[in-house]
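Biologist: Hi! Could you walk me through the charged pairs in this one, and then a few other bits?

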Amino acid sequence: TTRLVPMLLTVPGGSSTMIDCQVPYHEEATKTVLETASSDGKTPDQFVSQETALQLASAALVRTKSCVPETNSLCVGLGCTAALATTRNRRGKDQAFICAVFQSTSTPTKGLVGRLCFPKGDSGQSLFTRVEQPS
């Protein structure tokens with residue numbers, strides 16, 4: 001995630017395309033993003049999940065629409081949550097959930113959630129699975 005932002009901004013026109021970027025890495029930072037975007041103020045029971053990725057993407061879309069409320073362009077919110085390589089013992093899988101939600105004035109909000117699994121060890125392989133298309 002931290003390499004993606006500079007990479008996107010090296011593309012000509014990137015600064016006129018990207019509205020906002022947040023990388024809430026710590027659990028408390030993630031809670032803050034989710035609480036400000038949620039009407040009920042709830043935070044997830046499981047941070048590395050398709051639900052959390054969807055909530056982060058939805059929060060990004062809401063933030064984008066609030067920054068440019070008059071736009072007729074397609075707006076996209078991206079969310080990613082991951083449990084990756086760590087120095088501590090972790091029982092769970094090395095995996096990531098990625099979600100994109102999008103909306104324009106002529107289309108209702110649509111989205112896609114996917115799951116990346118990284119086999120333990122250093123094989124360099126990953127497996128992407130489309131989880132769902134949220135409504």
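**Salt bridges and cysteines**

Modeller: Happy to! Glu-27, Glu-28 and Lys-31 are joined in a network of salt bridges (a side-chain nitrogen of Lys or Arg within 4 Å of a carboxyl oxygen of Asp or Glu). This is a predicted model, where local features need pLDDT of at least 70, side-chain atom pairs count only at pLDDT 80 or more, and totals for chains, interfaces and linings use all residues. Residues are numbered from 1 along each chain as its sequence is written, and side-chain values use heavy atoms, with hydrogens and water left out.

Biologist: How far apart are the closest N and O atoms of Glu-28 and Lys-31?

Modeller: They are 3.3 Å apart, and for Glu-27 with Lys-31 the distance is 3.7 Å. Glu-27 and Lys-31 sit 4 residues apart in helix α3, so about one helical turn separates them. Helices here are DSSP runs (H or I, at least four residues), numbered from the N terminus.

Biologist: How many salt bridges does the whole structure hold?

Modeller: The search finds 3. One of them pairs Asp-20 with Arg-63 at 3.1 Å, N to O. Asp-20 is in the loop between α2 (14–17) and α3 (27–37) and Arg-63 is in helix α4, so the pair ties together parts 43 residues apart in sequence.

Biologist: New topic: how many disulfides?

Modeller: There are 0, with a disulfide taken as a pair of cysteine sulfur atoms within 2.5 Å.

Biologist: And is Cys-99 buried or exposed?

Modeller: Cys-99 is buried, at 1% relative accessible area. Buried means under 20%, exposed over 50%, and partly exposed in between (1.4 Å probe, protein chains only). Cys-117 is buried too, at 18%.

Terms used:
Helices (H or I, at least four residues) and strands (E, at least two) are DSSP runs, numbered from the N terminus.
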